[in-house]
Amino acid sequence: MALNLDDAESVFEFVVTQGNGIKGLVDSGLSKVPEAYVQPPNERIDKEIAIKLELPPLDLSKLDGHGPRRDEVSKQIIRAAETLGFFQVVNHGVPLHLLESLKDTTHKFFGLPREKKAVYLAPVTPTPLVKYGTSFRPDKEKALGWKDYLLMQHTNDDEAFRHWPEEIKGILLEYLWSSMSMLKRLLHVLLGNLGVDLDDSMIDVLTGNKMINMIFYPTCPNPELTVGIGRHSDIGILTSLLQDEIGGLYVKIEQDMDYGKKVEWIEIPPIPGALVINVGDMLQVLSNGKYKSAEHVVRTSSTNSRVSIPIFAMPIETAKIAPLPQVVEKDGIAFYKEIVFGDYMNNIFENALAGKKPLDFAKINST
């Protein structure tokens, strides 16, 4: 079937089924967003209404040692997790040259011929650890997202070296392990604030399921009509995100937050050398709602392609996640019931994006 940009079935076949992705769609020379990618007005991001988060990044070098500097940055981390659920960090221990190389590597990977990428399409991929695709659930979404991605699950280094794409596996593993060291330090601070002393076995349960995603957002002729990825919160414990200098990450804020004017979305602007950290749904459950996962979206650009590389630190699939006893004792009530993380994850990936609605089923007495 020849590509017909005015025919939704033709576009779906070309982009999704054949694996050309949005990159192939843009390379075909389109001048407007196909109808399948036009979002309803309430799902679009008006960057003129949104405001930029002007807070400076948190300096994680202050976590070394003891004393006022450590106490100060610990309080900042806790406050950010309790309010917006997003913050940026510098001096995080991930080499800066590695971050720059990652951005270049992602651009190069998505610039490969279709045949090199399409081998990892879900129906034909030689390994369940690697999946190439576009949008989130294109078979179930009413409007598709303007992104291509390569998602890799990490079980152990040996399997990663065997199954991850040859061109990228070395640099991604280096990024994964340096980032996980940083995320574990943050988790110690956040759970320590709740009265929990983390041991290695608990860390393994809470962060033993790791995924890394290389995401490519091609230039878009009508960025005001579509989104790179729609409203969602991350499902795990913590996420570390490398975003490039293009920007486009927006976080939904709670209405009781005071930013000086009525606003629904706040932009997380790129900061050179920084990583974006955000709270996942399971950390919200563990903390009995004290820490907040937040809905976020990505807006596209008409002038530059954008890349981002998140690492998702999640519980193992058999883990039973419930509010921590120490928090429930203090609160006097549990706001969430116990859930098996694998069930929660499967529910997310089997459905279209729906903001934070999936978390409702974990709430006690939710309707």
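**Fold and salt bridges**

Trainee: What radius of gyration does the protein chain have?
Mentor: The protein chain has 20 Å, which agrees with the value near 21 Å that a compact globule of 367 residues would have. That radius is taken over C-alpha atoms, and the globule rule is 2.2 Å times the number of residues to the power 0.38.

Trainee: Where does the model come from?
Mentor: This is a predicted model: local features need pLDDT of at least 70, side-chain atom pairs count only at pLDDT 80 or more, and totals for chains, interfaces and linings use all residues. Residues are numbered from 1 along each chain as its sequence is written, and side-chain values use heavy atoms, leaving out hydrogens and water.

Trainee: How many salt bridges are there?
Mentor: The count comes to 15. Each puts a side-chain nitrogen of Lys or Arg within 4 Å of a carboxyl oxygen of Asp or Glu.

Trainee: Where do Lys23 and Asp27 lie?
Mentor: Both are in helix H2 (residues 21-27), 4 residues apart, about one turn of the helix. Helices (H or I, at least four residues) and strands (E, at least two) are DSSP runs, numbered from the N terminus. Lys23 and Asp27 form a salt bridge, with the closest N and O atoms 2.7 Å apart.

Trainee: Is Glu295 buried or exposed?
Mentor: Glu295 is buried, at 11% relative accessible area. Buried means under 20%, exposed over 50%, partly exposed in between (1.4 Å probe, protein chains only).

Trainee: And which residue meets Glu295 in a salt bridge?
Mentor: Lys252, at 4.0 Å, N to O. Lys252 counts as partly exposed, at 27% relative accessibility. Salt bridges that share partners join Glu43, Arg231, Lys252, Glu264 and Glu295 into one network.
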